[in-house]
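Hello,

The structure we discussed is below, and my notes follow it. Please read them with the coordinates open.

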Amino acid sequence: MDDLRARADLHAALGQPGSGRLRYAAAMHFHRKGLIAPEVLEVYRTCSPQDWEDPAGLLAARGLTLDLPPPDTPDLAIRLLVEEIDRYLATLPGPGVAEVRSLIARWRDGPVTPASAANVVVGEHLPPALAALAQTHPALAAAIRAGAPYLPWVTYDSYPPEQIGPSFRQGHAFASLVGEGAAIPAEDFDLGLFLIAPHVLYRDHAHPAPELYAPLTGPHGWRFGPGSPLIVKGPHEPVWNLPEAPHLTKVGPTPFLCVFGWTRDTRQPAHVIPAGDWAKLEALRIEG
């Protein structure tokens with residue numbers, strides 16, 4: 001068993017048949033390497049017969065913590081992040097999820113090219129987003145935290161500034177994990193992370209690419225065409241946008257962090273769709 005597989009197995013989905021013993025085997029792997037204490041290993045052994053039993057609860061009850069060091073190489077951090085994202089997507093319902101996962105499986109084993117690009121938005125807003133995510137998905141939050149420094153975080157600059165507005169231009173960043181120019185290369189597929197500062201309005205827009213949003217934080221507001229009502233959704237409620245389908249996002253009090261997937265036509269740019277109520281939506285505040 002290699003470290004990448006063991007890190008993923010250590011957080012195998014609760015309830016999955018055989019997951020208790022999978023977690024115990026992974027804990028044994030790291031115990032043999034001197035990275036997990038005997039008392040922590042015993043917790044995983046105790047929980048292993050029950051696939052639904054979360055070792056985190058027993059660790060807390062015994063005053064123990066799983067202090068596994070972060071991945072020691074950028075390559076491992078990025079591959080672990082892709083693994084955790086795929087595991088997360090496997091838990092979600094709805095259209096687009098299976099298509100994105102099939103493309104992850106096709107491209108995930110390509111060569112890794114880490115990046116090192118500091119980003120003000122990421123530095124300020126990723127930590128509180130991960131703090132919120134860690135309450136329900138600690139393994140995914142830890143994988144994003146470990147992999148984020150090696151991703152090519154950029155600002156999407158294809159929108160005319162006067163159309164998309166200053167708050168979005170100055171308040172967002174995204175990084176491609178798998179795709180053209182991404183950490184792992186792929187053709188006509190883009191998988192990554194998208195981050196937007198609190199209360200920012202991502203105005204009505206559309207693009208030729210079919211798109212999956214898997215929001216990791218919330219609540220945030222959504223609408224699917226100018227004049228349509230704003231719908232508030234919590235985290236982990238995926239959104240599937242068909243080609244050229246209008247959509248808008250109004251960020252709530254927690255930074256918007258999501259996994260995104262474009263499944264084709266990734267070189268075709270997005271475009272803004274004019275609407276008359278942007279000033280009202282900019283001023284709107286969604287309660288947490």
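Which residues does Ile 85 touch, not counting residues up to four places away in sequence? They are Leu 140, Leu 177, Leu 191, Leu 193 and Val 259, where contact means heavy atoms within 4.5 Å.

Two points on how to read this. This is a predicted model, in which local features need pLDDT of at least 70 and side-chain atom pairs count only at pLDDT 80 or more, while totals for chains, interfaces and linings use all residues. Residues are numbered from 1 along each chain as its sequence is written, and side-chain values use heavy atoms, with hydrogens and water left out.

Buried means under 20% relative accessible area, exposed over 50% and partly exposed in between (1.4 Å probe, protein chains only).

Helix H7. The 15 residues of H7 (120-134) should span 21 Å at 1.5 Å a residue, and the end C-alpha atoms lie 22 Å apart, which agrees; the expected span is 1.5 Å times one less than the number of residues. H7 has a kink of about 35° at Leu 126, shortly before Pro 127 (the bend is the angle between axes fitted to the seven residues ending there and the seven starting there). Buried in H7 are Val 121, Val 122, His 125, Leu 126, Ala 129, Leu 130 and Leu 133. These buried residues pack against H8 (138-147), H10 (166-170), S1 (172-178), S2 (190-196) and S9 (256-262).

Loops. Between S4 (211-215) and S5 (220-223) lies Pro 219, and the peptide bond from Gly 218 to Pro 219 is cis, with omega near 10°. Asp 188, in the loop between S1 and S2, has a positive phi near 55°. Asp 265, in the loop between S9 and S10 (271-272), also has a positive phi near 55°. Asp 188 counts as partly exposed because its relative accessibility is 35%; Asp 265 counts as partly exposed at 27%.

Regards

Conventions
Helix = DSSP H or I, 4+ residues; strand = E, 2+ residues; numbered from the N terminus.
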